[in-house]
Amino acid sequence: MASPWRLEAGALTALALPMIAGNIAWAGIAATDLLLLGRLGANAVASGALAINLFNALLIFGMGLVTAAAPLIATERGRRRHSVRDVRRTVHQTLRAAALFVLPAWALLWESEAILLAMGQEADLARQAGELMRGLQWALLPFLGFTTLRNFISALERPVWGLIVMVCAIPFNVLAGWTLIFGHLGFPALGLLGAGIASTLSSSFLFLGLLGVILIDRHFRRYRLLGRFWTRDRERYRAVWALGLPIAITLGLETTVFNASAFLMGLIDRDSLAAHAVAIQIAALVFMVPMGIGQAATVRVGLAYGKKDREAIGRAGWLALAIGTGFALMAASILIAMPRTLISAFLDLDDPANGRTASLAVGFLGVAALFQLVDAAQAVGAGVLRGIQDTRVPMIFALVGYWVIGIGVGVILAFPLKLQGLGIWLGLASGLGAVALSLVIRWTWRERLHLLSRPRGI
């Protein structure tokens, strides 16, 4: 018979691979949006970037909130393998929490032009970004609904359908954007507004597509997700907020620290900002893998947590950290061995005008190789702690690590010590390292800190 470690490694890998591929597919959908906007011109790309960054700040916060569904459902399934009602109610209450969050978010996004003007953006770009947002902001609710359903099927250890629906959404997104932006198939050319509407339609496609699968597939159909939807469950609703709000804040802190690093690069010079944009795109694509491993670890640890099986909790967590670290070593080797090859996907290296930008990007990727280990450790470490429903202290780690240490060290190295862009990246690495070390120590001390003896589930 296979050892428990081998069985756990197989289960974790089978769960993580579709989630990693789904994360990459999500990045692909975003990439097609920028490619379509590029055909409208540089101003459309710039205004689109402003609108998308503002939208994504709220979207990622909302995604953190609904992420609570995965550990809650996994814990319930670990406690009672064939639980139906409680799993269904967790999905319902997570959707309620998403709807409550979306209402003020919509009101905020409606004022995007005024917000961007207050941030000092050019009036014409702010106006165009506001036009795009009029169509884009409505995508928030269906996408959070899709994310909730994706967490549901992932907690049931059947994440492949989420990947399939995402892959199908890529050509749909391209067709919708091509039709509404440029005016094809009998539709008027709506420009930036059309791009926003296309994104909303694509998010609706994701939600309705996955919902359709859940209603048809026999493995999901027995949960009757549309049944008794309006039943109130205050205790479960509070549990979603108690677990999900710290995750949302943590993801918000992580996202905004990278936004702040781009702003700091802009204070140095244009070449540094361009090199940073290239290097961060490569690092973000690599990050899709440890993020998927962390998402899978949340489910596997949550199942063991619900069973009160401390040995299984340890196996799931340590294996996830080991697999994440192994991938990080491989990724770091690639970044060190072939940085110019990777950069050439974004820059024409034969153009002398790009010489300094490419040279800076090579240096930044060298630091990115250094922080692959800590970036993987913090992503997976956060995932395993979410599996035991520990999210509040990790939120504090994120605040101190990203903003006090990461930005603080980066600013000191970049400006007083004159390391410029390299200093910003070294600051990011130090912040990620501090968060990763804190999370791994907390995981190691989970017994000593009595993290496994708190009430489980609802």
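Author: The account below begins with the cavities and then moves along the elements that line them.

The model is predicted, so local features are given only where pLDDT is at least 70 and side-chain atom pairs only at pLDDT 80 or more, while totals for chains, interfaces and linings use all residues. Numbering starts from 1 along each chain as its sequence is written, and side-chain values rest on heavy atoms, with hydrogens and water left out.

A search of the whole structure returns two cavities of 30 Å³ or more; a cavity is a set of points, on a 1 Å grid over the protein atoms alone, where a 1.4 Å probe fits but cannot get out. The largest cavity holds about 40 Å³ of space, a volume being the space filled by probe spheres set on points joined across faces, edges and corners. Its lining (residues with an atom within 4 Å of a point) consists of Val-257, Phe-258, Tyr-402, Gly-406, Leu-428, Gly-431 and Leu-432. Two or more of these residues come from each of α11 (234-268), α17 (392-414) and α18 (420-444); helices here are DSSP runs of H or I with at least four residues, numbered from the N terminus. Helix α18 gives the largest share of this lining, three residues. By class, five lining residues are nonpolar, two are polar and none is charged; Ala, Val, Leu, Ile, Met, Phe, Trp, Tyr, Cys and Pro count as nonpolar, Asp, Glu, Lys and Arg as charged, and the others, Gly among them, as polar.

The second largest cavity has a volume of about 30 Å³. It is lined by Ser-261, Leu-264, Gly-406, Ile-407, Gly-410, Val-411, Ile-424, Gly-427 and Leu-428. Again α11, α17 and α18 each give two or more residues to the lining, but here the largest share, four residues, comes from α17. This lining divides into five nonpolar, four polar and no charged residues.

With a relative accessibility of 2%, Ser-272 counts as buried (under 20% relative accessible area; exposed is over 50% and partly exposed lies in between, with a 1.4 Å probe and protein chains only). Apart from neighbours within four places in sequence, Ser-272 is in contact (heavy atoms within 4.5 Å) with Met-265, Arg-356, Leu-360 and Phe-364.

The structure holds 16 salt bridges, each a side-chain nitrogen of Lys or Arg within 4 Å of a carboxyl oxygen of Asp or Glu. One of them joins the side chains of Glu-157 and Arg-300 at 2.5 Å, N to O. Because Glu-157 lies in the loop between α7 (140-155) and α8 (160-182) and Arg-300 in helix α12, this pair ties together parts that are 143 residues apart in sequence. Glu-157 is partly exposed at 25% relative accessibility, whereas Arg-300 is buried at 15%.

A further salt bridge, between Arg-89 and Asp-233, has an N to O distance of 3.6 Å. Arg-89 belongs to helix α4 (residues 85-110) and Asp-233 to the loop between α10 (218-221) and α11, so the pair connects parts that are 144 residues apart in sequence. Arg-89 counts as partly exposed at 22% relative accessibility, and Asp-233 as buried at 11%. Asp-233 also forms a salt bridge with Arg-236, whose closest N and O atoms are 3.0 Å apart, and Arg-236 is buried as well. A network of salt bridges links Glu-76, Arg-79, Arg-80, Arg-85, Asp-86, Arg-89, Asp-233 and Arg-236.

Two backbone positions complete the picture. Lys-308, in the loop between α12 and α13, has a positive phi of about 60° although it is not a glycine. Its relative accessibility of 59% makes Lys-308 exposed. His-450 is exposed, with a relative accessible area of 53%.

Definitions and conventions. 1 Å grid on protein atoms, 1.4 Å probe; cavity = no way out; pocket = protein on both sides within 12 Å on 5 of 7 lines; lining within 4 Å.
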